[in-house]
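Please look at the sequence and the model shown here, and then read the short report that follows.

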Amino acid sequence: MTPSVLFVCLGNICRSPLAEAAFRAEAQRVRLDVEIDSAGTGGWHAGDPPDRRAQATALRHGIDISGYRGRQVTTADFRRFTHIVALDEQNLRDLKKLKPADATASLSLMLDHAPGREGQAVADPYYGDDAGFETTLADVSAGAVGLVQALRARVA
């Protein structure tokens, strides 16, 4: 079975698009066949591109996320994806409340996949400066490496 991963934050314009991009880059680097998307627990930014600062940060690292569009997580996502990865504890709690009884996706925090960072949140850079977006990208990249390694070991 091909793994599939959905990254979830609050609005789907900062952290989860950066997580999607970092995971996509790492999966491509190691040639892991995986379906990847991102969403928000809130729907305020549905249809919107990622925050301009998130786009600029990704571009500085050679990744173009300008074509990504925000969307809200749905109950169908819990059956469509094998893994749903929250960027912080509040979004994980919200996902647990949304999770239908017939869900097949496993839930985790992004930094649960980064050794030594288990249980930690990826800080929300929205109200800060550009440096916060660099920190967010570094955090989600660390989680992406660990998650790709774990998924690759399962499908090998």
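## A residue in helix 1

Arg24 has its place in helix 1, where helices (H or I, at least four residues) and strands (E, at least two) are DSSP runs, numbered from the N terminus. Arg24 is partly exposed, with a relative accessible area of 26%; buried means under 20% relative accessible area, exposed over 50%, and partly exposed in between, with a 1.4 Å probe and protein chains only. Between the C-alpha atoms of Arg24 and Gly132, which are 108 residues apart along the chain, there is a separation of 21 Å.

The model is predicted, and local features need pLDDT of at least 70, side-chain atom pairs count only at pLDDT 80 or more, while totals for chains, interfaces and linings use all residues. Residues are numbered from 1 along each chain as its sequence is written, and side-chain values use heavy atoms, with hydrogens and water left out.

Strand 1 (residues 4–9) is largely enclosed by the rest of the structure, because 6 of its 6 residues are buried. In a regular strand the side chains alternate between the two faces of the sheet. Here Ser4, Leu6 and Val8 point one way from strand 1, Val5, Phe7 and Cys9 point the other way, and all are buried.

Strand 1 pairs with strand 2 (residues 35–40) in the parallel sense over 6 bridges, two strands being counted as a pair if DSSP finds at least two bridges between them. In this pairing, Cys9 stands opposite Gly40 of strand 2. From strand 1 the chain crosses through helix 1 (residues 15–29) to strand 2, in a β-α-β crossover that is right-handed (with the strands pointing away from the viewer, the path from the first strand over the helix to the second runs clockwise). Strand 1 also runs parallel to strand 3 (residues 83–86), joined to it by 4 bridges, and Leu6 stands opposite Ile84 in strand 3.

## Two tyrosines

The structure holds 2 aromatic pairs, where rings of Phe, Tyr and Trp (its six-membered ring) pair if their centres lie within 6.5 Å, and planes under 30 degrees apart count as stacked, over 60 as edge-to-face and the rest as tilted. Tyr126 and Tyr127 form an edge-to-face pair, with 4.8 Å centre to centre and 90 degrees between the planes. Tyr126 is partly exposed, with a relative accessible area of 31%, whereas Tyr127 is exposed, with a relative accessible area of 78%.
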